[in-house]
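Reader: I am new to this structure. Please show me how to read its features.

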Amino acid sequence: GNCLYNLGSFEDGLERYIAAAELMEAYEPSIELAQYVGWQGLINLDLSRFDEAFEAYNRALVITRELDDEVESAKLLASIGFAFDKQGDNERAIVSYLDAVKGYRKTGNFDLLAATYESLGSLYEKSGDLWGAIETFTNLAGIYEHQRLVDQLAGALTSLGSHYYSLEKYDAAIVHFEDALGHFVKLNKQKDIAALHYNIGAAHTGAGRHDKALSAFLLAFELELEVNDLDSISDTGSLIASLYEENYRYREQIAVYIKVIQSLEEVNRKEELGILLNNTGVLHYHLSEYAAAIEYYSRALSISSELDLPSEQASQLHNIGQSLAALGQYGEAFDHYQLAFEIAEKLGNDESLGGIYNSLGELHRAWGLNQESLAYYNSAQTLFEKSESKNGLGSVYNNRGQAFRGLARYTEAIESYTDANRIFQETGDRAGEALSFSNIGEAYRELEDYETALRYYRRALVIDNEIENERGIAIRNNKIGLIS
């Protein structure tokens, strides 16, 4: 019967178990008989015959209880729990596992007790009862600590940290993650050490301690690079980059992206590589390093063209056009905008088309054609409203304000900047908020209302200081100095 079961011949194996049990029934009840009947339950469970499985397990349980065998009874209760779990009856499965736990505790069988706690903890997780899971894994950690099973103890502590994290108990999560980390360090398990640093960073992020989160993520990132854990490198690198971006630390962000890019190049993961190359170009653009931005955008464009990713192609052509315009190469910028427009129009991508119209407006304004630029901004606004792109609307309102100023229509400029400021506040774009306040100040300065201009410059400066925007601080201080 055992051989047939292990070969996957369940029906033939079941026949032998039944025959063995019938022969044993001629004698006094015994553990062997209970095992033969219990094995019938196992095969029926594998065949998804739940009623027959429960019947066999309960028959076996009656025998083990008659024989007062706590360990075998607990094993059968755990098997019944597993059957209820497989059937999807979580509540009855938990009751059976808890009954099994009581039996194993009486006999001091820690190995089987630990295995049952593992099953029970997983069931609590599946049921969404995280406090039940925490109680179970706490007991499990105690067993592993008693048995000095360091690896298993670290795993149980990690699970506890994860559950506390899910409950937003971030400090409790960090305590357990750090405890687990200490054990993994002893075992020199680099991947697990990196994962724990990542988890600690995530918990600090949840608690709003971004500096500590960044330190933990950086430790994880360096270890991931050492063991070449590519999936983790990409995820952790993106998190670190986003934390740097919050404080406009573009240089550090670029350094992280370059390390991730190198790893992606080694394994030829082209689609992810294209995204990172494009994002690196964006950072160079923010730093006014337009030639470097074009280099990264062009590399990204080569990949998106090779992989036939038209949406990405449109975006990268648009980005190249913006950098060319910033370098004063307006003719080439216009050509790139046209190529991007053709692709975005075929795709019916309203947000992308809105961005291109917005950039065409900027281009015409750079040519001194402020009146003509307004038509492009109006088209961009319509498309951004259609696609519900608030970021796009903030940008186009701000740019339209610039065109109105170029036309000496200062009141309309102030209205447009004010609309932009409202959008930036709604989206949490502090840099945009500071810029729009500063632009309102510029319009009032040109109206020779210097007192109001100063007030808006200072409001912009407050935000620049809060977000540590050094470039903005320098610009705002210069404007305040010119009036003062």
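Author: Start with the second largest pocket, which holds about 210 Å³ of space. A pocket is an open set of points on a 1 Å grid over the protein atoms alone, with protein on both sides within 12 Å along at least five of seven lines. Its volume is the space filled by probe spheres set on the points, which are joined across faces, edges and corners. The model is predicted: local features need pLDDT of at least 70, side-chain atom pairs count only at pLDDT 80 or more, and totals for chains, interfaces and linings use all residues. Residues are numbered from 1 along each chain, and side-chain values use heavy atoms, with hydrogens and water left out.

Reader: Which residues line the second largest pocket?

Author: Lining residues have an atom within 4 Å of a point. Here they include Trp39, Tyr57, Glu72 and Lys75. Helices H3 (31–46), H4 (50–66) and H5 (70–87) each give two or more residues to this lining. H3 gives the largest share, five residues. Helices are DSSP runs (H or I, at least four residues), numbered from the N terminus.

Reader: How many of the lining residues are nonpolar, polar and charged?

Author: Five are nonpolar, four polar and two charged. Asp, Glu, Lys and Arg count as charged; Ala, Val, Leu, Ile, Met, Phe, Trp, Tyr, Cys and Pro as nonpolar; the others, Gly among them, as polar.

Reader: What should I look for in backbone angles?

Author: Most residues other than glycine have a negative phi. Ser288 has a positive phi, near 65°. Ser288 sits in the loop between H15 (270–286) and H16 (290–306). Ala408 also has a positive phi, near 60°. Its loop runs between H21 (390–406) and H22 (410–427).

Reader: Is Ser288 buried, partly exposed or exposed?

Author: Buried means under 20% relative accessible area, exposed over 50%, partly exposed in between (1.4 Å probe, protein chains only). Ser288 is partly exposed because its relative accessibility is 34%. Ala408, at 46%, is partly exposed. Leu301 in helix H16 counts as buried, at 17%.

Reader: How do I read a helix pair?

Author: Two packed helices are described by the angle and the distance between their axes. Axes are lines fitted to C-alpha atoms over the stretch in contact, and angles run from 0 to 180 degrees between N-to-C directions. The axes of H17 (310–326) and H18 (330–347) come within 8 Å and cross at roughly 160°. H17 and H18 are therefore roughly antiparallel, a term for angles over 145 degrees.

How values were computed
1 Å grid on protein atoms, 1.4 Å probe; cavity = no way out; pocket = protein on both sides within 12 Å on 5 of 7 lines; lining within 4 Å. Parallel < 35°, antiparallel > 145°, perpendicular 65-115°, else oblique.
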